[in-house]
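This briefing covers one protein model, with attention to a helix and to nonpolar packing. The sequence and structure come first, followed by notes grouped by topic.

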Amino acid sequence: MDVDIISEEENPMLHRTDIRFETTHEEATPSRLSVRDSLAAKLDKDSEEVVVHELDTKFGMRKTIGYAKAYDSAADALDVEQDHMLERNKIGDEEADAEEA
């Protein structure tokens, strides 16, 4: 899967960068987690610091356009993001599991 960044906009108040990207894929629409991991690798970030908000694939196309937020740290993502977005991106699950044990 090939990820191309269309635009980046710094948001220093929330310690993040808002990113619009386009990904080209060979098969079905890629999963949110695989896109997150590919985008994190391209940005040289940890996957816990990247939150994918939106993926849009037009019918029959091999391109997906998306919107993501890359935070300065995983703690910033946990502080700012809504719970359902953290759950969709599987961020913070390991910490919750450790606290329950």
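The model is a predicted one.

**Helix H1**

- H1 covers residues 32-43.
- Val35, Arg36, Leu39 and Ala40 are the buried residues of H1.
- These buried residues line one face of the helix, because they fall within an arc of 130 degrees when H1 is seen down its axis.
- The cover over the buried residues of H1 includes strand S1 (2-11), along with S2, S3 and S4.

**Largest nonpolar core**

- Ten residues form the largest nonpolar core: Val3, Ile19, Phe21, Val35, Leu39, Ala40, Val50, Val52, Ala68 and Ala70.
- Two or more residues of this core come from each of strand S2 (16-24), helix H1 (32-43), strand S3 (50-57) and strand S4 (63-71).
- H1 gives the most to this core, with three residues.

**Contacts of Val3**

- Leaving aside residues up to four places away in sequence, Val3 touches Phe21, Glu22, Thr23, Ser38, Leu39 and Lys42.
- Val3, Phe21 and Leu39 are listed together in the largest nonpolar core.

**Another core**

- Another core, of six residues, lies apart from the largest one.
- Its members include Ala77, Met85, Leu86 and Ile91.

Methods: Residues numbered from 1 in each chain as written. Predicted model: local features only at pLDDT ≥ 70, side-chain atom pairs only at ≥ 80, totals over all residues. Heavy atoms only, no water. Core = buried A, V, L, I, M, F, W, Y, C linked by side-chain atoms within 4.5 Å. Buried < 20%, exposed > 50% of the residue type's maximum accessible area, 1.4 Å probe, protein only. Helix = DSSP H or I, 4+ residues; strand = E, 2+ residues; numbered from the N terminus. Contact = heavy atoms within 4.5 Å. Arc of directions from axis to C-beta.
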